[in-house]
Amino acid sequence: MQLFDPKAPSDLIPVLNLDESEVQRQMTVCNACRYCEGFCAVFPAMTRRLEFSQADIHYLANLCHNCGACLHACQYAAPHEFEINVPKAMAKVRLDTYAEYAWPQVMGTLYRRNGLTLALSAGAGLALFLCLTLMVMGNLFTAIPGGNFYEIFPHNTLAVMFGAVFGFAVLALTLGVRRFWRNVSPADAPAQEKTAAALEATANVARLKFLDGGHGEGCNNADDRFTLWRRRFHHFTFYGFMLCFAATGVATLYHFLLDWSAPYPVSSLPVMLGISGGLGLLVGPAGLLWLNLRRNPEHGDENQKPMDRGFIALLFLVSASGLALLAFRETAALGLLLAIHLGLVMAFFLTMPYSKFAHGIFRSAALLKYSIEKRQPNPINAGSD
Ligand code: SF4
Ligand code: SF4
């Protein structure tokens with residue numbers, strides 16, 4: 001009789017790639033061990049399965065928040081021969097899923113050299129707006145009374161340019177996550193349960209619940225000590241982004257509904273929202289970069305650090321250039337700062353569906369599936385008395 005060998009990838013599902021086979025192997029070990037059941041959503045979801053299909057593996061990989069808790073707790077981590085490292089195995093599959101579900105799929109290859117993708121996009125965005133500013137103004141250093149940057153780029157020109165790119169980014173992300181959802185959630189659930197699940201999933205996203213390590217003390221970052229700073233810096237980043245988004249939304253309403261055009265005074269609602277969001281997008285990315293530089297190399301996939309750091313740096317630069325533009329908009333630096341800010345924002349929008357930004361969307365979908373699934377009867381117990 002052939003006994004189960006936890007070091008060997010299962011041959012249950014031959015279509016799995018190497019990364020997926022490794023997650024399948026590790027989940028089979030974890031499913032027998034179950035020591036980490038209370039740490040996060042991955043382990044309760046795991047215990048609802050005896051085997052792990054490709055869709056299950058994609059779902060679990062995106063449910064993992066890479067908090068490191070299960071690696072530091074694991075008695076089967078290296079140097080044990082089982083070499084269990086769930087966060088690393090999950091991180092590798094996560095990247096595969098971003099590339100595989102990307103829309104259009106050919107663009108998924110941008111995830112493979114994402115640091116370079118971000119750098120080239122930023123360079124192209126900056127070159128575009130520096131050239132446009134030179135064409136319009138003749139130089140980059142002309143002061144405009146009141147800091148009215150719409151004299152350089154009219155509002156409707158910017159609205160069309162950025163609206164088109166942002167619209168494409170939203171479409172690409174929506175179609176990508178829809179493909180992911182259809183693969184991992186083929187079954188439907190009662191509408192009442194869906195509502196409760198959606199509320200719970202929203203709360204879990206908003207609180208970043210599963211960055212608390214399961215005990216409330218936070219992630220492991222550099223070593224066995226827990227820290228809540230990863231969760232806090234994610235919150236600064238997430239809510240900073242949402243406030244900047246709100247600032248743009250309010251400014252658009254002012255422009256089209258109230259016929260009140262920018263530049264707005266510092267005390268106005270869009271500028272106050274923008275300053276608050278901008279500060280969040282300075283503190284959050286700076287903190288995340290600091291943690292990333294100190295992170296234990298066994299956490300996650302080292303090969304993805306250029307993607308992580310490139311995205312963090314782009315967010316930071318978008319915010320820093322936006323705040324600098326606000327501070328110096330009534331000086332001769334207006335043209336240069338505007339070109340830099342618009343170029344970086346354009347690079348951010350262009351790469352949104354093919355950068356680390358996607359992790360928030362895919363993880364939210366996985367959390368929604370988790371909240372729906374946990375309300376269904378456990379298929380493992382369903383057949384027992
Ligand atoms: S990560 Fe290790 S300790 Fe945790 S459930 Fe898996 S095998 Fe057990
Ligand atoms: S790294 Fe954290 S979130 Fe991921 S499976 Fe382990 S405990 Fe769960």
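**View 1. Aspartate 259 sits in the loop between helix 9 and helix 10.** Helices here are DSSP runs of H or I with at least four residues, strands are runs of E with at least two, and both are numbered from the N terminus. Before going further: this is a predicted model, where local features need pLDDT of at least 70, side-chain atom pairs count only at pLDDT 80 or more, and totals for chains, interfaces and linings use all residues. Residues are numbered from 1 along each chain as its sequence is written, chains are lettered from A and ligands numbered from 1 in the order in which they are written, and side-chain values use heavy atoms, with hydrogens and water left out. Back to aspartate 259: its phi is near 55°, a positive value in a residue other than glycine. With 67% relative accessibility, aspartate 259 counts as exposed. For the burial labels, buried means under 20% relative accessible area, exposed means over 50%, and partly exposed is what falls in between, using a 1.4 Å probe and protein chains only.

**View 2. Proline 263 is in the loop between helix 9 (229-257) and helix 10 (269-294).** The peptide bond to look at joins alanine 262 and proline 263: this bond is cis, and omega is about 5°.

**View 3. A cis peptide bond runs from alanine 78 to proline 79.** Omega for this bond is near 15°. As for where to look, proline 79 belongs to the loop that links helix 4 (69-73) and helix 5 (86-101).

**View 4. Arginine 34 has a positive phi without being a glycine.** The value is near 60°. You'll find arginine 34 in the loop between helix 1 (18-33) and helix 2 (42-46). Its relative accessibility is 30%, so arginine 34 counts as partly exposed.

**View 5. Glutamine 54 belongs to helix 3, which covers residues 54-63.** Its side chain makes a polar contact of 3.2 Å with the side chain of glutamate 20. A polar contact is a pair of N or O atoms within 3.5 Å; within protein, one atom must be able to donate a hydrogen and the other to accept it, and residues adjacent in sequence count only if both atoms are side-chain atoms. Glutamine 54 also pairs up with valine 15 in this view: the two are 39 residues apart in sequence, with 8.1 Å from C-alpha to C-alpha. A relative accessible area of 22% makes glutamine 54 partly exposed.

**View 6. Threonine 117 is part of helix 6 (residues 114-137).** What lies 3.3 Å from a polar atom of the threonine 117 side chain? That would be the backbone oxygen of leucine 110. Not counting residues up to four places away in sequence, threonine 117 touches Leu110 and Thr351, where contact means heavy atoms within 4.5 Å. Threonine 117 has a relative accessible area of 12%, so it is buried.

**View 7. Glycine 343 is a residue of helix 12 (residues 334-351).** Is glycine 343 buried or exposed? Its relative accessibility is 0%, so glycine 343 counts as buried. Setting aside neighbours within four places in sequence, glycine 343 is in contact with Gly125, Leu126 and Phe129.

**View 8. Asparagine 292 is in helix 10.** Its contacts, leaving out neighbours within four places in sequence, are Lys305, Asp308 and Arg309. At 4% relative accessibility, asparagine 292 counts as buried.

Along the principal axes, the C-alpha trace spans about 85 × 45 × 40 Å. Of the 385 residues, 47% are buried. Take the contacts between residues at least 6 apart in sequence: 74% of them join residues at least 24 apart.
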